[in-house]
Amino acid sequence: MPELSVVIVGGLHADARKAAVERLLADVPGSVVLHHDLATAAAGTVVRTIRDAAGLLSAGEAPLVNDCACCALREDLVPELLRIRDAGGTRMAVVELWDSVEPKAMAEVVTAGGLTVAGVITAVDPALVLPYLGNGDDLAERGLAAAATDQRTVADTFARQLEYAPVLAVADSVEADDEDRELLAQLHPTARRVPIGRGDPAGAPADDLTVPAPRRRPLSPLAQAALAGFDVESAAAAQHPACALLPAEADAHGVATLVWHRRRPFHPERLYEALEDITCAAARSRGRFWLADKPDVLLHWDAAGGALCVESAGPWLASLPDAAWDMVPPVRRAAASLDWHAEHGDRCQHLVFTSPGLDRDGLERLLESCLLTDAEYAAGRDAWKRLPPAFDTLLEV
């Protein structure tokens with residue numbers, strides 16, 4: 001391992017998150033936990049604590065930055081990690097994120113600070129996945145906002161926390177059933193799901209070099225996953241709507257995932273009128289799509305908790321001049337080439353819907369009804385651009 005390995009552990013499921021952190025502290029000698037408590041932001045500060053398996057090592061405060069607790073965390077995180085590294089003797093620093101802080105931003109901050117992110121983990125309780133994914137409350141209503149201007153909801157925040165992390169630390173919940181576990185698996189099928197576990201309290205600490213070799217035990221599965229390595233750029237690409245690693249078709253234990261892929265563009269007015277029904281058809285849906293009146297704009301679909309966010313994610317590659325392709329990241333070009341169409345290039349509808357009790361047939365019929373008809377399609381792009389611009393207000397054009 002490098003001189004100091006930074007492992008980020010986050011998630012709105014606080015009990016599961018704390019259990020995962022304690023497991024890592026117990027399993028990896030010479031590790032500490034750095035935590036910023038944003039709940040104290042109303043008093044104008046963020047409380048920072050550093051502790052090891054034996055207890056509290058230090059505590060301090062960081063003032064708010066622009067009335068933003070999360071901004072204070074960003075400013076304070078790297079200097080504290082550098083102090084831990086330079087003091088020596090610490091093998092792993094676990095950054096335990098406060099409830100609603102998302103791991104993507106923090107992983108990028110740590111990496112930009114010249115430190116090594118060895119792993120990113122989101123801790124989950126399978127029994128709480130559906131309740132949190134269906135919770136459309138604003139974070140502010142739950143006392144979980146990270147800034148005065150924070151307009152995120154519980155559902156969309158939880159979804160991003162879940163889908164960004166390559167490792168899910170899964171709590172052993174007696175209330176979880178097969179449907180709960182299947183929903184978790186379908187939402188993030190590429191994640192490594194590792195039980196938090198209870199460890200081996202009677203044995204020697206995992207990989208403790210002060211213990212004679214015959215008595216050492218290997219690192220726990222959770223510790224191994226935490227230190228397996230992490231690439232910030234690849235993780236960001238996997239979330240970008242143009243090349244996201246979206247779930248595949250699945251149907252098991254009452255949970256289904258529908259992958260809907262079409263080439264023909266949406267009629268903007270018919271799709272707009274159907275948004276509510278489409279959004280509420282699944283616990284989680286996401287992907288990319290295109291509208292007939294905006295053929296050059298790649299649109300991002302992101303829905304959870306009955307709420308939908310639609311935003312522009314830039315141009316489709318097919319709309320760019322050849323000279324501009326050299327400025328596009330290779331992963332984006334590769335994704336486009338795999339999905340290229342002779343007429344439309346990389347323009348497509350690629351939406352994924354995951355939910356217990358998903359009405360696949362009804363949802364497909366609804367989506368199909370929003371596409372251009374044969375006659376509308378045959379009219380050509382000049383006619384498409386004159387269709388009612390139903391999404392202009394939503395996109396703040």
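What you have open is a predicted model, in which local features need pLDDT of at least 70 and side-chain atom pairs count only at pLDDT 80 or more, while totals for chains, interfaces and linings use all residues. Residues are numbered from 1 along each chain as its sequence is written, and side-chain values use heavy atoms, leaving out hydrogens and water.

**The aromatic rings**

Next, show the rings of Phe, Tyr and Trp (for Trp, its six-membered ring), which pair if their centres lie within 6.5 Å and count as stacked when the planes are under 30 degrees apart, edge-to-face when over 60, and tilted for the rest. By this rule there are 10 aromatic pairs. Trp260 and Phe266 make up a stacked one, with 5.6 Å centre to centre and 20 degrees between the planes. Now move to Trp290 and Trp384, whose ring centres are 6.2 Å apart and whose planes stand at 70 degrees, so this pair is edge-to-face. It links distant parts of the chain, since Trp290 lies in strand S11 (residues 284-291) and Trp384 in helix H13 (residues 381-384), 94 residues apart; helices (H or I, at least four residues) and strands (E, at least two) are DSSP runs numbered from the N terminus. Trp290 and Trp384 are both buried.

Then select Trp260, Phe266, Tyr272, Phe289, Trp301 and Phe391 together, which ring pairs link into a cluster.

**An enclosed helix**

Select residues 154-164, helix H5, where 10 of the 11 residues are buried, so the helix is largely enclosed by the rest of the structure. Among its buried residues are Asp156, Phe158, Gln161, Glu163 and Tyr164.

**The whole chain**

Of its 397 residues, 51% count as buried. If you display contacts (heavy atoms within 4.5 Å), residues 24 or more positions apart account for 72% of those with a separation of 6 or more.

Notes. Buried < 20%, exposed > 50% of the residue type's maximum accessible area, 1.4 Å probe, protein only.
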